[in-house]
Amino acid sequence: MNNEEITRRDFLTLAWSAAGALALSEGVFVGLRFLTPRSVEGEFGGEFNLGPADQYPSGTVTPVEAGRFYLVRLQDGGFMAIYRRCTHLGCAVPFDQASGQFVCPCHGSVFTMDGEVLNPPAPRPLDLFALHINENGEIIVDTASPIEREHTDPAQVVYLG
Amino acid sequence: MADLPQKDLPPVTERLRRSVVRTPLPPKDDRGRMKLVMDSLVLHLHPAKVSRPALKLTYTFGLGGLLILLFLVLVSTGILLLFAYTPSPDAAYQSMIALQTQVDFGNLIRNLHHWSGNLMVIVAVLHLLRVFYTSGFTTPREFNWVMGVGLLLLVVGANFTGYLLPWDQLAYWAITVGTSLLEYVPLVGDTLTRMLLGGPEVGAATLTNFYALHIAIIPLTISALVSFHIWRVRKDKITIPRQLDRPPDTSKVTTIPHLVSIELVYALVWLVLLVGWSSFVNAPLEEAANPAHSPNPAKAAWYFMGLQELLMHFHPLFGAIIIPALGLAGLLSLPYLSQDMESVGVWFRSRRGRWMAGASFALGVVATFAWVLADEYWLDWPGWLPFLPSYLSNGWIPFALLLLVLMGYYELVKSLGSSDCEARQALFTFLLAAFLTLTFVGIFLRGEGMALILPWR
């Protein structure tokens, strides 16, 4: 045994420090897990069934208050579920029927009907929620997590049939 | 068993008494006893003697003491408010209405809490400026400056978390906008915001989180840190004020009664002012929070309006993260940069320092106004450079230009013959003026859709 390499004192200091660090990290882990946000069933964050797709005329925007999103049916008949939270600083963006645009009241960001930025300061298009049309022709929107996008893309639009 | 030296012990009753009351015996008369207790408490907080010239109100303006007073007012009114407030989205706003209409003195207590909290932010900044402009952060006080900056952030944090509690439109959207700034932090921003809000948007979980932070975590942290802060002031002593071209007056006076009497009178005057103001001016309360309807314009809390205004001009990565982070890093590193011990206790360092600080302030105000106007009506980086992503065209490019202007200004001031310290003070003053101007523009000159307006129109 070579006493010069590691003394008894060194060993014990190291061992106790390691035990202390372990205890600390356990505390941090428990604390963080405790503070992790819980998702509540049946509220914003769940799935929404918006009924038959053909009841929504082309070129309309229907607010879904409980889901905090807009069901958009574009002129060409495609559907999108647009999260109403502004990508700039989180304000609720209302749809302006007169101009056919989303106009954020807080800082003046303007978005087209499909969410593309027409006027900054918003850094990216409005977020989407996953939307699909089931076998009965009903629209299902899942609000579990907003889908961020850098640009609008035809692939983001869902069509009937 | 070894023989221990025996000592004659006093009777049991006397031993018991001594174990409770520390010797020596207190004075026999009431006044003497009270004074003993008070004096030992005072001398626990203050040194026995203090610099005579530093007692002049025009040196410290009693700002640190005023902060303690405000903290005490906030704790006592805050504890009262705890008995009248329910932290849930359904009940919080009702508590506010009850405070205004049913609870005896409810309005007065809420007003006192509201105004003291807001005043505390202003006074904390003034305290920082006083220390900066009299070189109060010189060795050995560097770390106390760092702690002071930490305390300033905690004061702002306390104010910000309290802002949400009334759960009215003002609270809801100021916190929505304020916490959305955090989302722009690279990598961890989303997780951090989600944790703070307890979900994707401001809601019931956010109110619970902010309540816990506001009534327990932040006040306790402030108490701990401020004890350390004051202890360091006591150990390091405060800087001795000095007139230009004159040696410092090193005379001292006893803390009791010279300092203590000033403190008590000052506290009393401020209490009268606070209660007077709170009796006549009500804390704002708008209609109950409505997550579906953002007000126009939606503004963050007033002390974040400088930041929000910056966001009008920069890509969020720069406006919300890089520039504020650099500002904070600069503030923290100030005492560790080269020091000019000659300037300690002299307002604005020197004669040249004085006019340079004045000129820098004026220049900062004018330049910032000019830049805000230019950006509103003429500058259009993303339009001119459509082929670049906006974090370059609206971020890196204007930011690089800003850095060039600041470096140029620093070199210009140095070429006029100032020392490093004076030049740094000029730069600090320029940036301070810019920040204050942005805050002013954000609060008063931004109307519907955040367009520039004249406030009297």
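Reader: How many helices and strands are there in chain B?

Author: Chain B has 17 helices and 2 strands. Helices (H or I, at least four residues) and strands (E, at least two) are DSSP runs, numbered from the N terminus. This is a predicted model, in which local features need pLDDT of at least 70 and side-chain atom pairs count only at pLDDT 80 or more, while totals for chains, interfaces and linings use all residues. Residues are numbered from 1 along each chain as its sequence is written, and chains are lettered from A and ligands numbered from 1 in the order in which they are written.

Reader: What share of chain B is buried?

Author: Of the 457 residues in chain B, 34% are buried. A residue is buried if 20 or more other C-beta atoms lie within 10 Å of its own, exposed if 12 or fewer, and partly exposed in between, with C-beta atoms placed from the backbone.

Reader: Which residues touch the most other members of the largest nonpolar core?

Author: They are A81(A), I82(A), C91(A), V93(A), W167(B), A171(B) and A174(B), in a core of 82 residues. Helix 8 (residues 169-182) of chain B provides the largest share of this core, 8 residues. Another core, of 20 residues, lies apart from it and includes L66(B) and I218(B). A nonpolar core is a set of buried Ala, Val, Leu, Ile, Met, Phe, Trp, Tyr and Cys residues joined through C-beta atoms within 7 Å.

Reader: What is I82(A) in contact with, leaving aside its neighbours within four places in sequence?

Author: I82(A) is in contact with F69(A), Y70(A), V72(A), G115(A), L126(A) and L128(A). Two residues are in contact if their C-beta atoms, placed from the backbone, lie within 7 Å.

Reader: Now the interface. How many residues does each chain put into the contact?

Author: Chain B puts in 27 residues and chain A 15 residues. On the side of chain B that touches chain A, helix 8 of chain B gives the most, with 5 residues.

Reader: Where is G77(A) found?

Author: G77(A) is in the loop between strand 3 (69-73) and strand 4 (79-83) of chain A. G77(A) is partly exposed, with 16 other C-beta atoms within 10 Å. Beyond its neighbours within four places in sequence, G77(A) is in contact with S58(A), Y159(A) and L160(A).

Reader: Which strands form the open sheet in chain A?

Author: The order is 5-6-7-8, and the pairing is antiparallel. Strand 5 (95-96) and strand 8 (117-119) of chain A stand at the edges, each with a single partner strand, so one side of each is left without a neighbour in the sheet. Two strands pair if DSSP finds at least two bridges between them. Strand 6 (residues 101-103) and strand 7 (residues 110-111) of chain A are joined by 2 bridges, and V103(A) has V110(A) as its bridge partner.

Reader: What does strand 1 of chain A pair with?

Author: Strand 1 of chain A pairs with strand 10 (residues 138-147) of chain A in the antiparallel sense, over 4 bridges. F48(A) stands opposite V141(A) in strand 10 of chain A. Strand 1 (residues 47-52) is hardly covered, with 0 buried residues among its 6.
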